[in-house]
Amino acid sequence: MITFIISLLALVLGYMVYGKFVERVFGPDDRETPAVTKADGVDFIVLPSWKVFMIQFLNIAGTGPIFGAILGAKFGPSAYLWIVLGCIFAGAVHDYMSGMLSIRHGGASLPELVGQYLGHTTKNVMLVFSILLLVMVGVVFVYSPAEILHTIGGSSMMWVLLIFFYYIIATLLPIDKIIGRIYPLFAFSLLFMAAALMVCLFIKWPSLPELWDGLGNRAFAADSNWKDNIFPCLFITIACGAISGFHATQTPLMARCVKDEHMGRPIFYGAMITEGLVALIWATVASYFFYASPAPGYQLIEAAQSSGFHTSAPAVVNIICNDWLGIVGGILALLGVVAAPITSGDTAFRSARLIVSEFLHLDQKPIRNRLYICLPMFAASILLLLWQIENPDGFNTIWQYFGWSNQTLTVFTLWTMTVYLVQKDKPFIITLIPALFMTTVCSTFLFVSKQAFGLNETLAYTLGGVALVVALVWFFAWYRKFQNTHQR
């Protein structure tokens, strides 16, 4: 628990100290934002700052800081280090810079920003990559909550149809009609659940592994098959709560609703720090769940011994919330594992619509233009959804590819920010180091993962190191060329 308290304080100090430093590096000013200059009553709308924060938090959070932290806690105390350091120096910087860059470029989506600084070819790659990622998010977050709601009543297909119908409506309507009204409520529910669990932790004051016990202290007992190495698997498993590429597709939604650039730090940097706090609480709860004595909590799951723990994160949420928080906890758990993924799915589809509309230069004020984009997008999503339903391992397959794709998106975003800072003659080290780190993580995972190349560890780590060297050489060669060009 001492490590938990230190980590909480570190996140708060990170926002107050490093967050201010990053803000000074970017330099917000008093210029009018796109929410004012491009107001259209659909996507560009000035919203109250508190509401923008709550929507931003839920947009980037969903179940990510819950499920990811639960799974990542099996890596032991190293999960604390990644959440704290990753959130302060990588994730929050990533979210703040992507949000502010979007504001400075008229509310531009991620592919447009990437194209501006990394070139037209990279923009086209990112366009396809982002849309595929967002559609995968939407599809994953249709079937999983439907299966949970099925246990309450009705058929799974009925819930699938209802959720999908909601997605269509939320994607088409102006952002203040549904998202602006219900998201703050769901965000409050997630925060309240996390705060209540933190109070329970302080009351119980469990004896948990601390950082000084060693990073090798891992919950192998929870799953005998869990033998993934900390590097790179921890950094893929815990994405939301540390750094997540999906966030860069979401921040432009709120960049179109911010009235004042000076609100960027509390909204973008602050929402990510808040998500880190939620992830930290759930990682600690999961540690209690794994390491409790004499009987770890995972033994309460009926199928844990036969099927392994890696598919039971929702079960942990339900068991902990119902056991610790009672009836209220059960309701909050339902919101956490049902409402949160649904709200991630609808904004994923909305982001995809806006990305396509920018590429086609199609004004989104007329609803017919929104339909031109949404109809084929939802048709493709339905086909993928049907495949997922028919394939017994469909959810896991899509989720595995989403996990790697999500973190790969951070690589593109961080390099975009680095080039921007170089061009503006600002301290680019704040994004260069995270860019190099995530490049190495994603490359190594691609080489070592059985879902990709599945190479032996020695070769995979060697190739991951080669990727790091190539990235360094590429960047400094470009940097030298840029300096020489602009000094003439």
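Leaving aside neighbours within four places in sequence, Leu 414 is in contact (heavy atoms within 4.5 Å) with His 94, Ile 243, Thr 431, Pro 434, Ala 435 and Met 438. The model is a predicted one, in which local features need pLDDT of at least 70, side-chain atom pairs count only at pLDDT 80 or more, and totals for chains, interfaces and linings use all residues. Residues are numbered from 1 along each chain as its sequence is written, and side-chain values use heavy atoms, with hydrogens and water left out.

Leu 414 is part of helix α16, residues 394-423; helices here are DSSP runs of H or I with at least four residues, strands are runs of E with at least two, and both are numbered from the N terminus. Leu 414 counts as buried because its relative accessibility is 0%, where buried means under 20% relative accessible area, exposed over 50% and partly exposed in between, with a 1.4 Å probe and protein chains only. Gly 91 lies 323 residues from Leu 414 along the chain, yet their C-alpha atoms are separated by 9.8 Å.

Burial also marks helix α11 (residues 246-255), which is mostly covered, with 10 of its 10 residues buried. Among them are Phe 246, His 247, Gln 250 and Met 254.

Turning to helix packing, α1 (residues 2-26) and α9 (residues 179-204) pack at an angle of about 140 degrees, their axes 11 Å apart. Axes are lines fitted to C-alpha atoms, for helices over the stretch in contact, and angles run from 0 to 180 degrees between N-to-C directions. At this packing, Phe 4, Ile 5 and Leu 8 of α1 meet Met 198, Leu 201 and Phe 202 of α9.
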